[in-house]
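Student: I'd like to learn how to read a model like this one. Could we go through it together?

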Amino acid sequence: MTGFDALLEHVPALRRYARLLTGDTARADDLVQDTLERAHRKGALWREGSMRSWLLTLMHNLHLNQRRDQRLEVQAADDATEAAHDPTPRLGVRLDLVQALERLSPQARAVLLLVTVEEYSYAEAAAILDVPIGTVMSRLHRAREQLRHWMTEPEQPPVRLVKP
């Protein structure tokens with residue numbers, strides 16, 4: 001199996017994770033493509049071990065970079081114009097799981113998705129995210145508690161357990 005074929009074998013898992021991270025099919029496909037391009041260019045950096053973990057680490061880092069760049073663009077746009085007012089009240093609207101996941105911080109969402117959806121161990125998730133295992137465990141606990149709160153008491157103001 002060639003190096004490129006080895007990358008293609010992981011596309012379904014990459015697409016699944018990217019869709020969960022971005023919440024948008026088109027952005028997820030772009031993220032997968034960017035990840036595969038970077039992996040192809042940086043293939044010499046891969047060391048023996050799980051290629052899937054390495055690819056997910058690349059994807060995670062690319063996603064964080066893209067979010068940072070988007071925030072900078074939004075901040076520049078906000079500086080130029082006034083923020084629009086959203087008059088739509090959100091009281092009484094029951095959140096579904098997708099909306100609740102979108103409300104989590106990117107760090108909490110990444111840990112939750114790696115451990116619960118991709119079924120990585122805490123140690124594997126810690127290696128992918130480049131954080132200590134204790135951080136993975138605490139982020140996962142806080143993310144689950146926050147989701148539980150949002151899903152059972154949507155009318156209550158959210159308790160901010162997860163840092164933005």
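Student: Leaving aside its neighbours within four places in sequence, which residues is Glu118 in contact with?

Tutor: Contact means heavy atoms within 4.5 Å. By that rule Glu118 touches Ala13, Arg16, Tyr17, Arg52 and Leu113, leaving aside neighbours within four places in sequence. A word on the ground rules: this is a predicted model, where local features need pLDDT of at least 70, side-chain atom pairs count only at pLDDT 80 or more, and totals for chains, interfaces and linings use all residues. Residues are numbered from 1 along each chain as its sequence is written, and side-chain values use heavy atoms, with hydrogens and water left out.

Student: Where is Glu118 placed, and why does Glu118 count as buried or exposed?

Tutor: Helices (H or I, at least four residues) and strands (E, at least two) are DSSP runs, numbered from the N terminus. Glu118 is in the loop between α6 (106–117) and α7. Buried means under 20% relative accessible area, exposed over 50%, partly exposed in between (1.4 Å probe, protein chains only). Glu118 counts as buried because its relative accessibility is 7%. Its side chain also makes a 2.4 Å contact of the polar kind with that of Arg52; such a contact is a pair of N or O atoms within 3.5 Å, and within protein, one must be able to donate a hydrogen and the other to accept it, while residues adjacent in sequence count only if both atoms are side-chain atoms.

Student: Which residues touch the most other members of the largest nonpolar core?

Tutor: A nonpolar core is a set of buried Ala, Val, Leu, Ile, Met, Phe, Trp, Tyr and Cys residues joined through side-chain atoms within 4.5 Å. Here the largest has 39 residues, and Tyr17, Leu55, Met59, Leu104 and Leu114 touch the most other members. At least two residues of this core come from each of α1, α2, α3 (25–41), α4 (51–80), α5 (97–103), α6, α7 and α8 (133–152). Not counting residues up to four places away in sequence, Leu55 touches Leu7, His10, Leu14, Thr35 and Ala39.

Student: How many helices and strands does the chain have?

Tutor: There are 8 helices and 0 strands.

Student: And where is confidence lowest and highest among the helices?

Tutor: pLDDT is the predictor's confidence in each residue, from 0 to 100. Helix α1 (residues 3–8) has the lowest mean, 72, and helix α7 (residues 122–129) the highest, 92. Over residues 87–95 the pLDDT is below 50. Where pLDDT is low, the predicted coordinates should not be read in detail.
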